[in-house]
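User: Hi! Could you walk me through this model before I set anything up?

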Amino acid sequence: MIPVLILWFTAMIGLYIVAVYPILLRCWRRAAPPVKKDREFRPTVSVLLAVYNGEDFIQKKLESLFALKYPANLLDVVVVSDGSTDATDEIVASFADCRVRLVKVPHGGKAAALNAGMIHASGEVVFFTDVRQTLDPDALSNLVANFADPSVGAVTGAPRFLHANRVGEQADMDLYWRYELWTRQRHSQIDSVLVTTGWIYAVRRTLAEPVPPDTLTDDAIIPLRVLLRGYRVIFDPAALAFDYADIQGGEFRRKLRTLAGLWQVCVRVPRLFTRANRMRFHFVSNKVARLVLPWAILCFSAATLAIPAGPFRLVLLLAELTVLALALLDGFLPRHFLLRRISSPARSFLIVNAASLLSVMVFFVRPETLWRPTRVKVGTSQRLLNKQAERGS
């Protein structure tokens, strides 16, 4: 009897997370007033860029920043070199533009570097970005325009992944990212997004507070603090940033880090589970649910094995094994094989939930061990980014 109850209970949890909540979100009618976006609004902006051994990307990144269509006298760039041992510091120092300030700190991780950079950020708005991605020339203007509305405390933009071809691990995650961006857009319309994109988000300087040095997801804890202080956190799809293609195992590492960071947020900011969080229902249904789902799946599988043998048990076991087999087979299938239309989503589902299971390691190991640099094929990806920049200019 108990295995049957566990089976149905975990099935309902999984069904709610995967199907019911997205339907509720789609049908949600209550919405906050539209943001009073003003493209003529021009506060001072400090760009905060934490870098560790970024010699392959830093020059292109700085060029991208100085190509932004934003008044030069209102923009300064703070590059925090997090104990870089390559040519990063020399490349930054070679820029004659007086708007670039290089801050050197001992290697302590991104969060500690950002904390050091906040001390030097003097603009009314702090724009957080990373070294690898390039920006659409209008990205900053679109972000900043939202701060004309006094209810807005933080704004994030839209990531764009550029693929040399539509295959590989990153391409397999396209469906996941489309759902993620749609979710952010809906949350933003309802009130506020729950996380931002770490390489394109901006915060009012008065709301940008230091984070614990071992924080894995500054792009979650900083905007959620803004939300708890009564401001809105907005998603602006017109503010674009472009990431590299052909990430080698990068998506799994990215999800492992972000989900481990989500565990940190849940433990360190318990107010998110109280009425102080206007988006509590959505936070639990969307973010906390991602941490719960793989455990529900494991319990469902264990309960399947524990129920009496029979046709129902056999059907469940075959269904579970089929999904697992498709996910594992996906990497071996030919590039344009028809079966990949279902094997790729199965693989993506497996990757995300495997990362979620392993994310609990954040409580047993030093958080920085979960942060690994993402490897990319710079040549192919850079050509794609150059083409995108030419289209945007």
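This is a predicted model: local features need pLDDT of at least 70, side-chain atom pairs count only at pLDDT 80 or more; totals for chains, interfaces and linings use all residues.

User: Great. How many helices and strands does the protein have?

Analyst: The secondary structure comes to 13 helices and eight strands. Of the 393 residues, 52% count as buried.

User: And what share of the contacts is between residues 24 or more positions apart?

Analyst: Counting contacts with a separation of 6 or more, 80% are between residues 24 or more positions apart.

User: Let's look at H1. What span should its 26 residues have, and how far apart are the end C-alpha atoms?

Analyst: Helix H1 covers residues 2–27, and at 1.5 Å a residue it should span 38 Å. Its end C-alpha atoms are 35 Å apart, which agrees.

User: Where is the kink in H1 centred?

Analyst: The kink is centred on Tyr 16, and its angle is about 50°.

User: Which residues of H1 are buried?

Analyst: Leu 7, Thr 10, Gly 14, Ile 17, Tyr 21, Pro 22 and Leu 25 are buried in H1. As background, an α-helix has 3.6 residues a turn, so residues three or four places apart point the same way.

User: Nice. Switching topic: at what angle do H10 and H11 pack?

Analyst: Helix H10 (residues 280–306) and helix H11 (residues 311–329) pack at an angle of about 145°, and their axes are 9 Å apart. The crossing of H10 past H11 is left-handed.

User: Which residues make that contact?

Analyst: H10 contributes Phe 300, Ser 301, Thr 304 and Leu 305. From H11 come Arg 313, Leu 316, Leu 317 and Glu 320. By class, the contact has four nonpolar, two polar and two charged residues.

User: Now Val 78. Where is it found, and is it buried or exposed?

Analyst: Val 78 is found in strand S2, residues 75–82. Val 78 counts as buried because its relative accessibility is 0%, and the cut-off for buried is under 20%.

User: Last one: what about Ser 356, buried or exposed?

Analyst: Ser 356, in helix H12 (residues 340–358), is buried, with a relative accessible area of 1%. Leaving aside neighbours within four places in sequence, Ser 356 is in contact with Leu 259, Trp 263, Arg 290, Leu 291 and Pro 294.

Technical notes
Residues are numbered from 1 along each chain as its sequence is written. Side-chain values use heavy atoms; hydrogens and water are left out. Helices (H or I, at least four residues) and strands (E, at least two) are DSSP runs, numbered from the N terminus. Buried means under 20% relative accessible area, exposed over 50%, partly exposed in between (1.4 Å probe, protein chains only). Axes are lines fitted to C-alpha atoms, for helices over the stretch in contact, and angles run from 0 to 180 degrees between N-to-C directions. A crossing is left-handed if the near helix is turned anticlockwise from the far one by less than a right angle, and right-handed if clockwise. Contact means heavy atoms within 4.5 Å. Ala, Val, Leu, Ile, Met, Phe, Trp, Tyr, Cys and Pro count as nonpolar, Asp, Glu, Lys and Arg as charged, and the others, Gly among them, as polar. The expected span of a helix is 1.5 Å times one less than its number of residues. The bend at a residue is the angle between axes fitted to the seven residues ending there and the seven starting there.
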